[in-house]
Amino acid sequence: MDETEFWELVDDTREAAEGDPEEQADLLVARLLEKDPESVLDFARHFEVRYNRAYRWDLWGAAWVLLDGASDDAFDFFRCWLIGQGREVFEGALHDPDALADLLEEFDEEIDGDGEELGYAADEAYEQLTGTVAPDLDVAPAPAEPEGTPLDLEDERQLAERYPRLWERFRG
């Protein structure tokens with residue numbers, strides 16, 4: 001599975017789920033079950049690489065603004081959700097996290113921002129296909145600390161200055 005196929009699966013399942021991350025995860029498992037085990041592992045590798053790329057302070061700050069706070073776990077689930085939003089939103093957020101204010105058509109704190117189940121979809125599909133736990137993906141691990149300059153996530157003034165569009169749209 002190449003990168004284009006990866007993003008097509010993400011986009012197709014998001015659209016079919018009408019943006020509901022839990023439904024998207026279920027649909028993703030179903031679609032991955034149509035693939036061979038090696039393709040499922042390829043999907044998992046693509047997902048893991050992007051998940052690790054998103055382990056950045058500037059994205060954590062954007063998640064904090066969107067979610068009105070984001071613990072370590074909440075930020076992990078946010079990164080899964082961000083991948084689930086597709087290539088345009090994901091790459092746009094990596095380029096400029098404040099651009100999420102323009103990239104997201106809508107954001108419902110009740111369902112959006114938490115893609116925990118998306119992070120398990122490939123593992124679940126692989127186990128169903130093979131009856132075994134997925135092997136190590138041989139992907140470089142995320143750094144011990146987020147990349148970039150640390151932010152004081154508790155400082156609302158700093159967040160409002162760093163993410164003016166997100167702050168105005170979602171917290172203003």
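1. Asparagine 52 sits in helix α3, which spans residues 37-53. The model is a predicted one. The asparagine is buried, because its relative accessibility is 12% and the limit for buried is under 20%. Setting aside neighbours within four places in sequence, asparagine 52 touches Arg79, Val139, Ala140, Pro141 and Ala142.

2. Aspartate 138 deserves a look next. This residue belongs to the loop between α8 and α9. As background, most residues other than glycine have a negative phi. Aspartate 138 counts as exposed, because its relative accessibility is 71%.

3. Aspartate 68 is not a glycine, yet has a positive phi of about 55°. This residue follows α4. It is placed in the loop between α4 and α5.

4. How many of the residues of helix α4 are buried? The answer is eleven of eleven, for a helix that covers residues 57-67. The buried set includes the tryptophans Trp57, Trp60 and Trp64. Asp58 is also on the list, as are Gly61, Ala62 and Ala63. Leu59, Val65, Leu66 and Leu67 complete it. The cover over these residues includes α5 (72-84), α6 (87-95) and α7 (100-103). It also includes α9 (156-162) and α10 (164-171).

5. Aromatic rings come next. The structure has eleven aromatic pairs. One of them joins phenylalanine 6 and tryptophan 7: the ring centres are 4.9 Å apart and the planes meet at 75°, so the pair is edge-to-face. The cut-off for that class is over 60 degrees. Phenylalanine 6 counts as buried, because its relative accessibility is 0%. Tryptophan 7 is buried too, with a relative accessible area of 3%.

6. Ring pairs also build a cluster. Its members are Tyr55, Trp57, Trp60, Phe75, Phe78, Trp81, Phe107 and Phe170. Trp57 and Trp60 are among the buried residues of α4.

7. Now the packing of α2 on α8. Two packed helices are described by the angle between their axes and the distance between the axes. Here α2 (residues 21-32) and α8 (residues 121-130) pack at about 40°, with axes 9 Å apart. The two helices are therefore oblique to each other. Their crossing is right-handed. On the α2 side, Ala25, Leu28, Val29 and Leu32 make the contact. By type, the contact residues are eight nonpolar, one polar and one charged.

8. Is leucine 33 buried or partly exposed? Leucine 33 is partly exposed, because its relative accessible area is 30%. It lies in the loop between α2 and α3. Beyond its neighbours within four places in sequence, leucine 33 is in contact with Ala125, Gln128 and Leu129.

9. One distance for the record. Leucine 33 and tyrosine 51 are separated by 18 residues in sequence. From C-alpha to C-alpha, leucine 33 and tyrosine 51 are 22 Å apart in space.

Key. Residues numbered from 1 in each chain as written. Predicted model: local features only at pLDDT ≥ 70, side-chain atom pairs only at ≥ 80, totals over all residues. Heavy atoms only, no water. Axes fitted to C-alpha atoms, helices over the stretch in contact; angles between N-to-C directions. Helix = DSSP H or I, 4+ residues; strand = E, 2+ residues; numbered from the N terminus. Parallel < 35°, antiparallel > 145°, perpendicular 65-115°, else oblique. Left-handed = near helix turned anticlockwise from the far one by under 90°. Contact = heavy atoms within 4.5 Å. Nonpolar A, V, L, I, M, F, W, Y, C, P; charged D, E, K, R; others polar. Phe/Tyr/Trp six-rings, centres within 6.5 Å; stacked < 30°, edge-to-face > 60°. Buried < 20%, exposed > 50% of the residue type's maximum accessible area, 1.4 Å probe, protein only.
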